[in-house]
Amino acid sequence: MGDAEIPQLSKGGDIMLGGIFYFHNNWKNTENSYTQKPLPLECISLNFREFQFVQAMRFAIEEINNSTDLLPGISLGYNMYDTCSFIVRGIKVALALNNDNENVSAFEDPCTRPVKVQAIIGPSSSSSSMAIATVLGPFHIPLISHFATCACLSDKLKYPSFLRTIPSDYYQSRALAHLVKHFGWTWVGAIRTSDDYGNNGMATFTESAQQLGICLEYSVSFFQTDSTEKIQKIIDIIKASTSKVIVTFITPPAMDVLIQELSNQNLTGYQWVGSEAWIFDSQIAAMDKNHILDGAIGLFIPKAHVSGFKEFMLDVKPLNSSNNDLFREFWQALFSCKFKHSQSKQIQTECTGHEDLTDMKNSFTDMSLMPIFNNIYKGVYAVAHALHSILKCNKTCNNSVQLEPFTILQHIRKSHFKTKEGEEVYFNENGDPAAKYEIINWQPNENGTVNFVSVGLYDASLPADKHLNLQNKTLHWAKSSKQVPVSICSEKCPPGTRKVLQKGKPVCCYDCIRCAEGEINNITDSITCVRCPSESWSNERRDACVAKMADFLSYEEVMGILLTTASLLGTCLTAAVAFIFFRYRKTPLVRANNSELSFLLLFSLTLCFLCSLTFIGRPSKWSCMLRHTAFGITFVLCISCVLGKTLVVLMAFKATLPGSNVMKLFGPTQQRLSVLGFTLVQVIICFLWLTISPPFPSKNFKQFKDKIILECALGSALGFWSVLGYIGLLAMSCFIFAFLARKLPDNFNEAKFITFSMLIFCAVWITFIPAYVSSPGKFSVAVEIFAILASSFGLLICIFVPKCYIMLMKPEKNTKKSMMGKGAPKHN
């Protein structure tokens, strides 16, 4: 088959399409040695995969020609050319397909003029596509590839007439980088084919990997025709590496070569990450006899189904009508037979041309690459829809329209349609389709074969945080392991150490150096240490230095113990007062001072003392929310009771005036409702605070250089000051009412004690604000606890201690006469 006899399969029609495939590979295997031949006069090693691609193009054309909806009355013809995977030959056949550059009506007799195609489908490789697109670009002949993924082809300045139905490697490279990052692999090797596909794809992956903190231990390239010595060097690099994950951008022919060498040396145990070129290739899986690639993971085009295609695939006999040498060669290789007059001497069985493909199982009958076949199918239909639009077809097409290549190209770019399976097809401004991939995992069967299991999706059209979506499926890894492999250069540095980069190695490789004496670090993988507190630290106490770095008010230190003791003391005193009041609950003194409010006030004071304990200890999410809200609600409950007692005193005095009916308006029910109402307001404030922006634990690194302050951030400062402000408002109101009632009759009036207690309360909290703001670290917490305890003790002592003194020490004054002012006269 010479250069002047480029093999072709042609069929006449009104409009012609071209197909550029490589039916033959340009390399051969001779005793495991792969050698590059000069541009041959005959092609070798027939490629059944490309015959499948031919059938996909024929299927789409036949389906369109039989359709009454698309291009009615128009027949699509086609010319198929073989490039033998040589770029030079590809350029030659592209020029042959474009051998007439004059404007010719689409409906002139096609037999009276040289062939001119309206669009070209193929080729499969990026390098061939780049070369052909460069040649066809000035003529605006559309070139639609089904498998050329190099991101460089999206450059419309260089390749204005190129389109494709497979996503660009711009997205695939980034998707692979995110996939590697997802599994925590930061130390990987990289192997690529030494062509445009491999070089450009790996360059984009490397850039994305660096942005994600992934380092490449090595990055090597080769071509399938390289010598055995060069392939062996790559094997040696893999053996010497410490990374256990290998990312690849390799074409299937090159992968065949690499797998054979790896199998010869039984180099297993590596986790392979593959691009779409080979990750779903059953031929490569069949070649992997030693299970080198078991557990491989990678990206492939989403599953597709083209109804009727499998049956059409097996019906290749019509090709024989052209009496084409290529068909005869294909048929002989497929059935290991020979036709009459064949020059082959190796095959003895004679071919009849009627052999049955139905029961055959080989790479030609394998439908695993249906997504690629679907890409060819969509490419042909994109041309048909563009022509349908140009010819303004309805029930018939306009025969007078001149078919200009540039017009066809523009209409293909704008085409937007759905296939019969419901798949949406369109091109973006770069001539690329939407980027969607399935994540494929190689899972071996018990019989030694491999299942290509879909374990997730990658959709670049979704928001960035939703691109990668792994399904809840069990993944298989290298050597059939169920555990995710580990591939890192250095383990994480624990607290107390810092990272030091290893000289001459990537940033993922480092040593962990212990912090120097007097320095500390409690952060994993930190690059720096900070100085310890000023006191001197020995080597034995360096680890303790890490723990001491976190500074907060704890129960173990002296200040924490003193405050805890004061809190518990206040609780016990309040309980004791409550016991005394309960024991003397029927005496005039308790009954005259509203016993119900008194017991509720004692209960709220107990809560006030106890809530101070929530401020001590390491801050946590719940303790931060509890401490301020508990403090705010209990203090409002406490002040509400005091305010209620004050109002009772005022109302009781007014009730003694002639004609007054005040006590009916402020009886026990109204007193309870007032306490409940005042408290409910604070509850609502706290609820809004916790809902909108609650307090939360935080680490303060700025206040001190030698330690970290663990504290509760307020969340919403407005919420905090609203809680304090409402307490202050009630306290001031209570103080004013108590002050107004201070001159009422002595024996009945406790307003003077409430006045003193509110005076202490307000003084404490007014002093608290500047002290709280200016206190550093844990001392601000101590100030707040002190303010709580001081104001609680003030209320307890001023209101209840005088009454307890009378009940215990002066029982003669605890009489009804004394309460009514009829006792012994007072002595000055």
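Helices here are DSSP runs of H or I with at least four residues, numbered from the N terminus. With that noted, I opened the model, which is a predicted one.

**Helix 11**

I began with helix 11, which covers residues 370-390. I counted its 21 residues and found that helix 11 reaches 30 Å from its first C-alpha to its last, close to the 30 Å expected at 1.5 Å a residue. Next I looked at what comes after: helix 11 is followed by K392, which has a positive phi, near 50 degrees.

**The cores**

I then turned to the largest nonpolar core, and it holds 99 residues. Those with the most contacts inside it are M57, I191, W272, W278 and W442.

Back at W272, I left aside its neighbours within four places in sequence and listed its contacts. Among them are I191, M255, L262, W278, I292 and I297.

**A patch on the surface**

Last, I went to the outside. L680, V683, I684, F687, L688 and I692 form a nonpolar patch on the surface, and together they have about 590 Å² of accessible area. I picked out I692, which sits in helix 19, residues 668-692. Buried or exposed? I noted a relative accessible area of 68% for I692; exposed means over 50%, so I692 is exposed.

Technical notes. Residues are numbered from 1 along each chain as its sequence is written. This is a predicted model: local features need pLDDT of at least 70, side-chain atom pairs count only at pLDDT 80 or more; totals for chains, interfaces and linings use all residues. Side-chain values use heavy atoms; hydrogens and water are left out. Helices (H or I, at least four residues) and strands (E, at least two) are DSSP runs, numbered from the N terminus. The expected span of a helix is 1.5 Å times one less than its number of residues. Patches are made of residues with over 30% relative accessible area and no salt bridge: like charges are joined within 9 Å, nonpolar side chains (Val, Leu, Ile, Met, Phe, Trp, Tyr) within 5 Å. Accessible areas come from the Shrake-Rupley method with a 1.4 Å probe; for residues, only the protein chains shown count as cover. A salt bridge is a side-chain nitrogen of Lys or Arg within 4 Å of a carboxyl oxygen of Asp or Glu. Buried means under 20% relative accessible area, exposed over 50%, partly exposed in between (1.4 Å probe, protein chains only). A nonpolar core is a set of buried Ala, Val, Leu, Ile, Met, Phe, Trp, Tyr and Cys residues joined through side-chain atoms within 4.5 Å. Contact means heavy atoms within 4.5 Å.
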